Amino acid sequence: MSALPNRNLVFVVDDDPGMLRGVRRLSREYGYDSVLFASAEAFQNQNDFEKALCVILDINLNDGSSGIELRHRLKAAGISVPVIYMTGSDSPAVREAAHQSGCLAYLTKPFSAKSLMEPLKRASAS
């Protein structure tokens, strides 16, 4: 039995400290709490996945991890938390892989507050 998601809690995974701080600040402005992870490993080492409304996940992490691969591992483990991808290096192939993995949104850095908040609002309404 999984815990119900917190409709205000988002997990943010990015290796860029500035991006983590920016997303946390923006999320807070719109009434969301955030838990920050600087690596895929740090994110995978926690076990409260299902408590989050969604995960805001960088696609290219410095530790060699792929956010898309991380999403597939979560799904394979039965963890169905929704994902919003963000990337600084957009390409048609990456965009297609992200959409095929199942995501609420695919954002190219830098992105507007509105482009992040709209999918969060959709997730909290479902």
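Me: Which helix holds Arg25?
Reply: This is a predicted model, where local features need pLDDT of at least 70, side-chain atom pairs count only at pLDDT 80 or more, and totals for chains, interfaces and linings use all residues. Residues are numbered from 1 along each chain as its sequence is written, and side-chain values use heavy atoms, leaving out hydrogens and water. Helices (H or I, at least four residues) and strands (E, at least two) are DSSP runs, numbered from the N terminus. The run of residues 17-29 includes Arg25, and its name is helix H1.

Me: Is Arg25 buried, partly exposed or exposed?
Reply: Buried means under 20% relative accessible area, exposed means over 50%, and partly exposed lies in between (1.4 Å probe, protein chains only). Arg25 has a relative accessible area of 48%, so Arg25 is partly exposed.

Me: How many salt bridges are there?
Reply: A salt bridge needs a side-chain nitrogen of Lys or Arg within 4 Å of a carboxyl oxygen of Asp or Glu. One of them joins the side chains of Asp90 and Arg95 (2.9 Å, N to O). By this rule the count is five.

Me: How many residues apart in sequence are the parts tied together by Asp58 and Lys109?
Reply: The side chains of Asp58 and Lys109 form a salt bridge at 3.3 Å, N to O. Asp58 belongs to strand S3 (residues 54-58), while Lys109 sits in the loop between strand S5 (105-108) and helix H5 (113-125), so the parts they tie together are apart in sequence by 51 residues.

Me: Which residue joins Asp58 and Lys109 in a network of salt bridges?
Reply: Asp58 is itself buried, with a relative accessible area of 3%. The network links Asp58 and Lys109 with Asp14.

Me: How far apart in the helix are Glu118 and Lys114?
Reply: Their side chains meet in a salt bridge (3.9 Å, N to O). Lys114 is exposed at 57% relative accessible area, and Glu118 is partly exposed at 39%. Both lie in helix H5, about one turn apart, which is four residues.

Me: How many residues of S3 are buried?
Reply: On one side of S3, Cys54, Ile56 and Asp58 are buried, and on the other, Val55 and Leu57 are too. S3 is therefore largely enclosed by the rest of the structure, and its buried residues number five of the five.

Me: Which residue in S3 is the bridge partner of Val10?
Reply: Two strands pair if DSSP finds at least two bridges between them. Strand S1 (residues 9-13) and S3 pair in the parallel sense over four bridges. The partner of Val10 in S3 is Cys54.
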